[in-house]
Every structure is written in structure tokens, then in C-alpha cells.
Amino acid sequence: MKTMKKKITFFLTGCLFAGVSTIYGQTPMTTNGGAPVGDNQNSKTVGEYGAVLLEDIHLVEKLAAFDRERIPERVVHARGAGAFGYFETTADMSQYTRAALFSKAGKKTDLAVRFSTVIHGKGSPETARDPRGFAVKFYTEEGNYDIVGNNLPIFFIRDAIKFPDMVHSLKPSPVTNKQDPNRFFDFFSHIPEATHMLTQVYTDYGIPKGFQFMNGSSVHGFKWINAKGEVTYVKYSWVSKQGQHNLTAEEAQIQQGKDWQHATVSLRKDIQDKKYPKWDLYVQMIQPKDMHSFDFWPLDATKDWPEKLIPKVKIGTMTLNRNPINYFEQVESLAFSPGALVPGVEPSEDKLLQGRLFSYFDTQRHRLGPNFQQIKVNQSKETPRNYNSDSWNSSGNGRFDNPDVNYQPSSKSKFTDVAEFKQSETPLKNVTITQKKISKTNDFAQAGDFYRSLSKIDKDHLISNLVGDLGQVTDKNIQKTMITYFYRADKDFGMRLAKALKFSMKDFR
């Protein structure tokens, strides 16, 4: 008995001196400061479906470190093209939101747009399979408003804490400097929520024929707030009036041999030739009382809002009619953030969105400097009036009404906050600060619905495109896991993929 006590004491003493470097043969993950990480998959939230907390130090540290990984290229969305134009509102939405740009039909608002690929670097070909960024900056009279989304209505993950790892897996290997399906399918084999997005991006939608030939989406839901303070959850969709046109894998190879900058060239040429591209903007709306009435959580970024359940309402049209003159100043210096909001629009409790609210502004400060909003293309129509930075004062733009008073409150200051513009209140009862996955995941149903909506030829292309990458994975267990996910989405989908990868039923017993 004494011998056993000594052994236990020796083991515990060893753990004490060794810190937490190893426990039962496993090596605990730590923060950059060396503290062990309890959960690297779920952000800390107010209740199961509530907002993410800034006190989640691991999330903030992880995102901040990720935002600063590359200088000066954008970490994601490095390659892009931009243009300028205007948005004309076609419906008065003031009963739902006090946002000025949606307040009356016929109202026009200047805007800037940047389209991009997501994963690949600045000099990469635009023929690569990838989601496309679809970012719009409205220059409204109440400040700049950004809708920052993609060409597809969903995303791979539902929690921002997974974003750095996802991008790392998709970026070239730090050892071989080559993008490797073994790496990203290894990651996705542990992320069943990605099944829907993988199904969409491996169709021909993954390679648009040109930026003007793709639709766009905010991906996330947001809150619209009207003059009475009433909340409506909304999701935005851009529908191309040029139609959706994509390239097959074979067509992309041919295009790459001719000109791998085709999307940038095509957009610029159409505007130059006065074939001004147009998109209609639609919103879908859900009342707060109805948020839990679906078989999915609407603020899960891996889920689309089915139009048959949540109708789309057209609210305006965007027209692009001007090309940039100086590409660096007007396109590469464009800084977007889903946190660039105006009165009448607020962020929802979407976990992925909540992380982006921090990450995008943080990235711009790192990439362009702390005063990136002074760059002309990022300036609002309204001259900023606050006391945030000496450099604004010294730049001679008249930001301070009295240069000696760079603080507030003050008896000498003319600028003050206005209660009318306070954020809306969210009443909470019996909530627990928690860190766990949402219970209503439903990871496979919408992927199956999307697969069944495809034509025969689109299904053939999807299988072929998936096999092209998944077939390069050397670990058969990863292949089997991915096949299982797609099978759970749709039996035919999984069976066809298994057959193409030369698996039989006995391999899954």
C-alpha cells in the first residue's frame, strides 16, 4: 500500500514539475502563453444560442494571431477585382429598419464592390475552385455600411474559433508549400457541418465564369431595427441580372491556358464597354418569435434560409458603372468589415459573424494601419466626429472642433453621444455562460436537398470534381468518413462517390 502511495505521489509530483506538457500520453493544446485550452471547437456564449463573449480570451487571441500572419497581403480574399456604382432602393422598408438607404423607393446610394477568391494568394489564377467573396460598401449619409459575404449562401463552419484552423488546412502546406487535399479533407473529416458547403463548392458554382455572372449572399443573418426599436432578423441575397454562368473543370483548364485573370478582365471590359453589370438585392425576414420554428438554427452560417419557407423580397438594384483608375488605391486599399453598420442594422448572435466583427477591423488595422478609414476609398460621406486618435487631428481634416479638447465629456466639446442611436436591448432570463456546440446542428439535410435539386449533368460534375481532390487523399479512413457524410446527406450521393473511389459496401462494415 505504501509503495502504491509513493508511486501516485511520484506521478503527481512529476506532473507538477512537468506542467501540463503530457497527460496520459496526450499533449494538451495551450494558448500562446502556455495555458491549457479546454475547448478549441466552441466559443464562449450567453446560453446555447446567445452572443459570443469578449471574455473568451482563447478565441480573441487565436483570431488576433491569425489576422497578423501575413504582411501585407490579405490573409484570405487576397486576389480580387473592384468597381464602383450605385444602389437604387425599389421598396420602402422603413417599417422594418430605420436605415436611411432602405427608407424610400427611388433613393440612390453610391457604393464600391470588391469580388475575390478566398483561399488562394494574390497572384493565383481566377480559375481555381474556391468560394468567391462578394463585398459591397454603401456610402450612406449615416456612415459606411458593408455587406460582406460570398457567392454561395452558406459557409463551411458555424463558429469563428474554427476559422484559423480551416484556412490553415486549405492553404499550402508549410512543409511542401503546396495545397494538399490530404490536409483539408483531414480537417473536414472532423467537421460534419461543412458537408453542405463542400457539396456546393464542388459543383460548377465553385468556378464562376466571371464576377458579373455570380450571385451573392450575406451568409449571416443580421438584425433590422425600426424606429420603434422592433427587431426583424434578415438575410441578404444578390441576384445577378446577367444570370449565373460557371465553368466546368475542363473549361477552367482551357481558360487557364488562355488567361487565368479572366474574371477581372471580363468585369472591367463590360464596364468599359458600358454593359453595366446589375444585381437585384433581396432580403428574407424572420420575426424573433419564429426563430426556433425551423429544423435548423437560422443563425447557423452553414444553413441556407429556404425560400419556400422564408420568401425573398426585392428591395433594390445595384449597378456597377465605373472602373478603378488606380488599382492599389481604390481596390487593394478597400477595407470591408461586417461590423461597418449604420443605425437600423445590428449584428445577430451568429457565432461566425460575432468573430468576424472583431477579426475584419483588426485585420485592416494590421494591413493598412490604424487610420485605414482615412484612405479616400474608405472615407464616409460624413466627416468623423470623435476623439479616437491624434493622427486624425494632425491630418488637418477638422475632426476635432477644438484641438485642445481631445476627450469627452467636456464642457467645451460640441460632440456628444445621442441616446436615439443606442443599440437595441436583448432581454435575457436564466442563461448560462457556456462553451458548447448548438444542439440543433442538422448537418446533412440541406446538403441532401441541394444535391437532389441538381440536374443530372450537375451531379456528374459534382462527383467528378470531388473525386479529383478526394481521390488524392492517401488515408482511406478520411475518404470513408467523407463518403459517410455525403451518404448521410443523400444515399445516391454517397453511393456514387464510394463507387467512383472504388469502395464497396463491405469496406463500411
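**A walk along helix H13**

Modeller: Happy to. Let us start with Tyr-487, which sits in helix H13. Please keep in mind that this is a predicted model. Tyr-487 has a relative accessibility of 36%, so this residue counts as partly exposed. Leaving aside residues up to four places away in sequence, Tyr-487 touches Gly-494 and Met-495.

Now for a partner of the helix. H13 covers residues 476–489 and packs with helix H4, residues 181–188. Their axes are 9 Å apart and meet at an angle of about 50°. That angle makes H4 oblique to H13. The crossing of these helices is left-handed. Which residues make the contact? From H4 come Asn-182, Phe-185, Asp-186 and Phe-188, and from H13 come Ile-478, Met-482 and Tyr-485. Sorted by class, the contact of H4 with H13 holds five nonpolar residues, one polar and one charged.

Next, step back to the loop between helix H12 (456–470) and H13, where Gly-471 lies. Is Gly-471 buried or partly exposed? Its relative accessibility is 42%, so Gly-471 counts as partly exposed. Gly-471 touches Leu-466, Gln-479 and Leu-501, again not counting residues up to four places away in sequence. Thr-140 is 331 residues from Gly-471 along the chain, and 49 Å separates their C-alpha atoms.

For contrast, here are some buried places. Gln-212 belongs to the loop between helix H5 (195–201) and strand E6 (216–217). With a relative accessible area of 0%, Gln-212 is buried. What does the side chain of Gln-212 make polar contacts with? One partner is the side chain of Ser-266, at 2.8 Å, and another is the side chain of Asp-270, at 2.9 Å.

Ser-116, in strand E3 (residues 108–117), is another buried residue, with a relative accessible area of 2%. The side chain of Ser-116 makes a polar contact of 2.8 Å with the side chain of His-77. Beyond four places in sequence, Ser-116 touches His-77, Arg-79, Gly-80, Pro-131, Arg-132, Gly-133 and Phe-211.

Let us finish with another helix. H2 spans residues 57–67, and its buried residues are His-58, Leu-59, Lys-62, Leu-63, Ala-64, Phe-66 and Asp-67. What do the buried residues of H2 pack against? They pack against helix H3 (163–170) and helix H9 (351–368).

To bring it back to where we began: Tyr-487 of H13 is partly exposed, as is Gly-471 in the loop between H12 and H13, whereas Gln-212 and Ser-116 are buried.

Conventions
Residues numbered from 1 in each chain as written. Predicted model: local features only at pLDDT ≥ 70, side-chain atom pairs only at ≥ 80, totals over all residues. Heavy atoms only, no water. Axes fitted to C-alpha atoms, helices over the stretch in contact; angles between N-to-C directions. Helix = DSSP H or I, 4+ residues; strand = E, 2+ residues; numbered from the N terminus. Parallel < 35°, antiparallel > 145°, perpendicular 65-115°, else oblique. Left-handed = near helix turned anticlockwise from the far one by under 90°. Contact = heavy atoms within 4.5 Å. Nonpolar A, V, L, I, M, F, W, Y, C, P; charged D, E, K, R; others polar. Buried < 20%, exposed > 50% of the residue type's maximum accessible area, 1.4 Å probe, protein only. Polar contact = N/O pair within 3.5 Å; in protein donor to acceptor, adjacent residues only side chain to side chain.
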